[in-house]
Amino acid sequence: LVIAVGHLHLAVLKLRGQHTDLGHRHDGAVGGRGGEEGVEQTVQLLGHDDESVSFAATATGQHAHHADAQCDAQHDRKNFLIHDYFFAKALDKVRPGGVVAFITSKGTLDKANSAVREYIAQRAELLGAVRLPDNAFKANAGTEVTSDIIFLQKRDKPVEIDRDRVDWLDLSYLYDQEGALVEDPNGELATINSYFDMFPEHVLGDMVVESTQYGYDTTCKARE
């Protein structure tokens, strides 16, 4: 199953036999059938509120980069922002063992409140993540925002999480290239998801503090 949105290019999954690709879209997109020789795939592009498909093999996509909440009777009480809601919805649709891969804002991994990460971790194992520089989509989407590609594999069933063994639930202090703590002009120490602290090579740029419309925040800048 592949969920495709925006400018994310679909990668063909080399699975034996036929598989179904479920595509989430927040605005216009096109689905169809295709694949490499010997591989058959069906791409179904759905709105986030479509209930007609479930138990797909893989889900991939790109989330809208704004902070709207979603209206969904199943998830309303969780108050998920749109980025986080798509993860929850995809995990509803993907079968156990299926893979979810989304491009999302850095907020999913970096926000101080870990509730959504705990919700996801109960239902899926983190396979890996890559942080993209804020200009990654400037040319084709006209936006500058730090984004993450997050890869998850759905568990057989929700489990209780041992926080000591799931490092990506928490945040770590951010250090610069010289090993000094990064702080904003107000003296507040900057943070980053502990996964990227453990795997700095997965950050495709330099994390810095910038002034934004919401106050000071970290962003990933492409290296020259």
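Good morning. This structure holds 5 aromatic pairs; rings of Phe, Tyr and Trp (its six-membered ring) pair if their centres lie within 6.5 Å, and planes under 30 degrees apart count as stacked, over 60 as edge-to-face and the rest as tilted. Please note that this is a predicted model, in which local features need pLDDT of at least 70 and side-chain atom pairs count only at pLDDT 80 or more, while totals for chains, interfaces and linings use all residues. Residues are numbered from 1 along each chain as its sequence is written, and side-chain values use heavy atoms, with hydrogens and water left out.

One of the pairs is formed by Phe 86 and Phe 102, a tilted pair with 6.5 Å from centre to centre and 55 degrees between the planes. Phe 86 lies in helix H1 (residues 82–93) and Phe 102 in strand S5 (residues 94–105), 16 residues apart. Helices (H or I, at least four residues) and strands (E, at least two) are DSSP runs, numbered from the N terminus. Phe 86 and Phe 102 are both buried, where buried means under 20% relative accessible area, exposed over 50% and partly exposed in between (1.4 Å probe, protein chains only).

How are the rings of Phe 87 and Phe 102 placed? Their centres are 5.3 Å apart and their planes stand at 85 degrees, so this pair is edge-to-face. Tyr 85, Phe 86, Phe 87 and Phe 102 form one aromatic cluster.

Asp 197 counts as partly exposed because its relative accessibility is 41%.
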